[in-house]
Amino acid sequence: MEKFLIVGLGNPGKEYQDTRHNIGFWALDQLAEAHDAPFTSGRLADVSTFRLKGKSFLLIKPTTYMNLSGKAVAYWMQKENIDPLHVLVVVDDLALPPGILRLRGQGSDGGHNGLKSITASLGTNSYARLRMGIGNDFSKGGQVDYVLGQWTDQEKPLIKASCKRAGEAITAFALAGLPVAMNQFNG
């Protein structure tokens with residue numbers, strides 16, 4: 001059975017739970033809930049698994065904090081013997097407006113500490129990533145406060161819908177392949 005490692009990036013702990021930086025966690029929470037696959041505590045990450053149409057999905061939310069996410073990704077790839085082509089990292093992106101998704105097969109870290117850590121741990125940037133737009137509505141010097149800030153009540157319905165769509169993109173990535181998923185969800 002083909003295995004896929006789906007990594008949602010975020011920071012552990014109550015103080016980060018509803019922040020923009022944790023949209024990767026939100027997307028995986030929604031996907032796990034849709035498949036009745038609760039998260040449990042595992043080594044370096046909270047872990048959920050489910051099967052769908054002959055594919056095995058391993059969802060992880062690293063508990064290492066964003067800038068050490070690569071440790072968790074490398075550990076679970078090795079432990080579960082998962083091919084780098086079957087890894088998808090779900091990450092927040094300031095350059096995209098809220099609600100917009102971008103699926104890519106590889107790329108730069110774009111200044112994102114979670115992606116920097118994963119690239120350093122794996123020794124390559126050739127792994128798929130699903131970038132989820134969080135917007136950049138902050139004044140000069142306000143990036144950290146914005147990224148670690150909470151969603152407004154007006155933003156929450158859009159973000160919930162974006163997380164549902166991210167779950168659909170993740171499923172398409174595993175079931176139909178990266179090119180098909182990119183055509184369907186990059187827009």
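The largest pocket in this predicted model has a volume of about 280 Å³. Its lining is made up of 15 residues, and those nearest the pocket centre are His21, Leu94, Gly111, His112 and Gln143. Two elements, β5 (87-93) and α4 (143-147), each give two or more residues to this lining. The largest share, 3 residues, comes from α4.

The second largest pocket has a volume of about 160 Å³. Among the residues that line this pocket are Asn11, Pro12, Gly13 and Lys14, together with Trp26, Asp29 and Lys61. Helix α1 (residues 23-34) provides the largest share of the lining, 3 residues.

The table sets out the two linings by residue class.

| Pocket | Nonpolar | Polar | Charged |
|---|---|---|---|
| Largest pocket | 5 nonpolar residues | 6 polar residues | 4 charged residues |
| Second largest pocket | 3 nonpolar residues | 4 polar residues | 4 charged residues |

The helix pair is formed by α5 (residues 156-175) and α6 (residues 178-185), whose axes come within 8 Å and cross at roughly 155°. Angles over 145 degrees count as roughly antiparallel, and α5 and α6 are therefore roughly antiparallel to each other. Their crossing is right-handed.

On the α5 side, the contact involves Arg165, Glu168, Ala169, Ala172 and Phe173, which meet Leu178, Ala181, Gln184 and Phe185 of α6. Sorted by class, the contact between α5 and α6 has 6 nonpolar, 1 polar and 2 charged residues.

Technical notes
Residues numbered from 1 in each chain as written. Predicted model: local features only at pLDDT ≥ 70, side-chain atom pairs only at ≥ 80, totals over all residues. Heavy atoms only, no water. Axes fitted to C-alpha atoms, helices over the stretch in contact; angles between N-to-C directions. Helix = DSSP H or I, 4+ residues; strand = E, 2+ residues; numbered from the N terminus. Parallel < 35°, antiparallel > 145°, perpendicular 65-115°, else oblique. Left-handed = near helix turned anticlockwise from the far one by under 90°. Contact = heavy atoms within 4.5 Å. Nonpolar A, V, L, I, M, F, W, Y, C, P; charged D, E, K, R; others polar. 1 Å grid on protein atoms, 1.4 Å probe; cavity = no way out; pocket = protein on both sides within 12 Å on 5 of 7 lines; lining within 4 Å. Points joined across faces, edges and corners; volume = space filled by probe spheres on them.
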